[in-house]
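Keep the viewer open and follow along.

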Amino acid sequence: MRFSVKAHHLPQRVATGAFILNSGIGKLRADEEAAAQLHGFAAGAYPFVNKLKPADFTRLLAVGEITLGAALLLPVVPAAVAGAGLAAFSGGLLGLYARTPGLRKEGSPFPTQDGIALAKDVWMTGIGVSLLVDGITEAARRS
């Protein structure tokens, strides 16, 4: 088995992987009320979510988070793959931030007090893009 993680990737992969893995595990235990609240919040920004039942949506989100968290933590998953997953996931969170009224100051990308919890997820986008770019440039150097 070949490990593809560079030493300088470890802090960012461990920090984000553990955080997302924990979040996904927590969602597996969500009750009906929590699932409905999460579903409603997501459906406000992404209407296609309404096609799913709240419990099904929450379970799918939990499995997705657990999968992404594990991919970031497992050293056999290439940086480009882990980075692409993290960039896509955090892009979805930032889309939620951008599309939900009241989370941003009027006419501005900057968060209101209510929006800080989602706006801070921009750090995951930066890490995801960094891992993706590093993985792609490393592959190009090798070929």
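A42 is found in helix α2, which covers residues 32–45. Before going further, a word on the source: this is a predicted model, in which local features need pLDDT of at least 70 and side-chain atom pairs count only at pLDDT 80 or more, while totals for chains, interfaces and linings use all residues. Residues are numbered from 1 along each chain as its sequence is written, and side-chain values use heavy atoms, with hydrogens and water left out. Helices (H or I, at least four residues) and strands (E, at least two) are DSSP runs, numbered from the N terminus.

Is A42 buried or exposed? A42 has a relative accessible area of 9%, so A42 is buried; the cut-offs are under 20% for buried, over 50% for exposed, and partly exposed in between, with a 1.4 Å probe and protein chains only. Leaving aside neighbours within four places in sequence, A42 is in contact with V49, F57 and L96, where contact means heavy atoms within 4.5 Å. I66 is 24 residues from A42 in sequence, and the C-alpha atoms of the two are 18 Å apart in space.

Now step out of the helix. N50 sits in the loop between α2 and α3, and N50 is exposed, with a relative accessible area of 52%. Which residues does N50 touch, not counting those up to four places away in sequence? They are H39 and A43. Between N50 and H39 there are 7.9 Å from C-alpha to C-alpha, at 11 residues apart in sequence.

Let us zoom out to the whole protein. Its secondary structure comes to six helices and zero strands, and from the N terminus on the elements run α-α-α-α-α-α. The C-alpha trace spans about 45 × 35 × 25 Å along its principal axes. Of the 143 residues, 35% are buried. The protein exposes about 8,400 Å², and carbon and sulfur atoms supply 67% of that area; accessible areas come from the Shrake-Rupley method with a 1.4 Å probe, and for residues only the protein chains shown count as cover. Among contacts between residues at least 6 apart in sequence, 66% join residues at least 24 apart.

How do the helices meet? Take α4 (residues 79–99) and α6 (residues 122–142), which pack at an angle of about 155° with their axes 7 Å apart. That angle makes α4 roughly antiparallel to α6. Here axes are lines fitted to C-alpha atoms, for helices over the stretch in contact, and angles run from 0 to 180 degrees between N-to-C directions; under 35 degrees counts as roughly parallel, over 145 as roughly antiparallel, 65 to 115 as roughly perpendicular, and the rest as oblique. The crossing of α4 and α6 is left-handed, meaning that the near helix is turned anticlockwise from the far one by less than a right angle, with clockwise giving right-handed.

On the α4 side the residues that meet α6 include G83, L86, A87, S90 and L94, and their partners in α6 include T125, G128, L132 and G135. By class, this contact has 15 nonpolar, six polar and no charged residues. Ala, Val, Leu, Ile, Met, Phe, Trp, Tyr, Cys and Pro count as nonpolar, Asp, Glu, Lys and Arg as charged, and the others, Gly among them, as polar.

Two further residues of α4 are worth a look. A88 lies in α4 and is exposed, with a relative accessible area of 55%; its C-alpha atom is separated by 8.0 Å from that of T125, 37 residues apart along the chain. A98, also placed in α4, is partly exposed at 38% relative accessible area.

Helix α3 (residues 54–73) packs against α4 as well, at an angle of about 145° with the axes 9 Å apart, and this crossing is left-handed. L61, E65, L68, A71 and L72 in α3 meet A82, G85, L86 and F89 in α4. This contact has seven nonpolar, one polar and one charged residues.

Finally, α1 (residues 10–28) and α6 pack at about 130°, with their axes 11 Å apart, which makes α1 oblique to α6. Q12, R13, T16 and I20 in α1 meet W123, M124, I127 and L131 in α6.
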